[in-house]
Amino acid sequence: YPLTVTKPLTISSVTPSKTSAPLGTSITWTVVTAGGSGAKQYYYTLYNGSTVVNKLAWGSSATFTFKPTAEGTYKLVVRVKDSITNVSRNSAVTTIYRPVTSIALDKIKVKMTVGQTLKLIPTIGPSNATNKTIVWTSSNTGVATVSAYGTVKAVSAGTAVITAKPSFGSPTTLSVKCTVNVI
């Protein structure tokens, strides 16, 4: 009689489609298995931090899709069984955040004299965005510099454009500008 040796069932990986995504984005986790005997069954438990937010009982799909309704750190725990073995594995973490969707400045054009400083004040929306950090840049640091906190310093006569944009998770086109004329 021929002897058939079956390698034991293992979970090679549990991979999310994104490791970071804005709120409202669907995430799909894909399970890759090796070995085993017979049809595989999958059981999914999704956590946000330590709180269970969704469970999907035994089924035949090697993918799990979920659209988070809250910010947080999501982890999927997968159990897979075949006719012989029952194994489990955790996924990589996916961070869901609330992105900045709007930004405005209190000034869009200013005149300054050499040596003068001025603080630009951003208004960021929504107010409950996960990360409201702003990246500030100057188009001409020989004319005006800007600090990480939006303080502009006039260096020499000329024109510079100060740009403020969200540092994380927002469209790259989202920014606001203030033209600085130094006299």
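A residue is called buried under 20% relative accessible area, exposed over 50% and partly exposed in between, with a 1.4 Å probe and protein chains only. Tyr-43 counts as buried because its relative accessibility is 19%, whereas Trp-58 is partly exposed at 29%.

## Basis of the model

This is a predicted model, in which local features need pLDDT of at least 70 and side-chain atom pairs count only at pLDDT 80 or more, while totals for chains, interfaces and linings use all residues. Residues are numbered from 1 along each chain as its sequence is written, and side-chain values use heavy atoms, with hydrogens and water left out.

## Aromatic pairs and charges over rings

Rings of Phe, Tyr and Trp (its six-membered ring) pair if their centres lie within 6.5 Å; planes under 30 degrees apart count as stacked, over 60 as edge-to-face and the rest as tilted. The count by this rule is 5 aromatic pairs. Tyr-43 and Trp-58 make a tilted pair, with 5.4 Å centre to centre and 50 degrees between the planes. This pair links distant parts of the chain, with Tyr-43 in strand β4 (residues 41-48) and Trp-58 in strand β5 (residues 51-59), 15 residues apart. Ring pairs also join Trp-29, Tyr-42, Tyr-44 and Phe-64 into a cluster.

A charge sits over a ring if NZ of Lys or CZ of Arg is within 6 Å of the ring centre and within 35 degrees of the ring normal. Arg-79 lies over the face of Tyr-43, at 5.3 Å from the ring centre. Likewise, the charged end of Lys-75 is placed over the ring of Tyr-47, 5.6 Å from its centre.

## The sheet β12-β16-β15

Strands are DSSP runs (E, at least two residues) numbered from the N terminus, and two of them pair if DSSP finds at least two bridges between them. An open sheet is formed by 3 strands in the order β12-β16-β15, with antiparallel pairing. β12 (117-119) and β15 (144-146) each have a single partner strand and stand at the edges, so one side of each is left without a neighbour in the sheet.

Between β12 and strand β16 (residues 151-154), which run antiparallel, there are 3 bridges. Leu-118 stands opposite Val-152 in β16.

## Strand β18 and its partners

Strand β18 (residues 176-182) is mostly covered, with 5 of its 7 residues buried. β18 pairs in the parallel sense with strand β11 (residues 109-112) over 4 bridges, and Lys-109 stands opposite Thr-179 in β18. Strand β17 (residues 158-166) runs antiparallel to β18 and is joined to it by 7 bridges; the bridge partner of Thr-159 in β18 is Asn-181.
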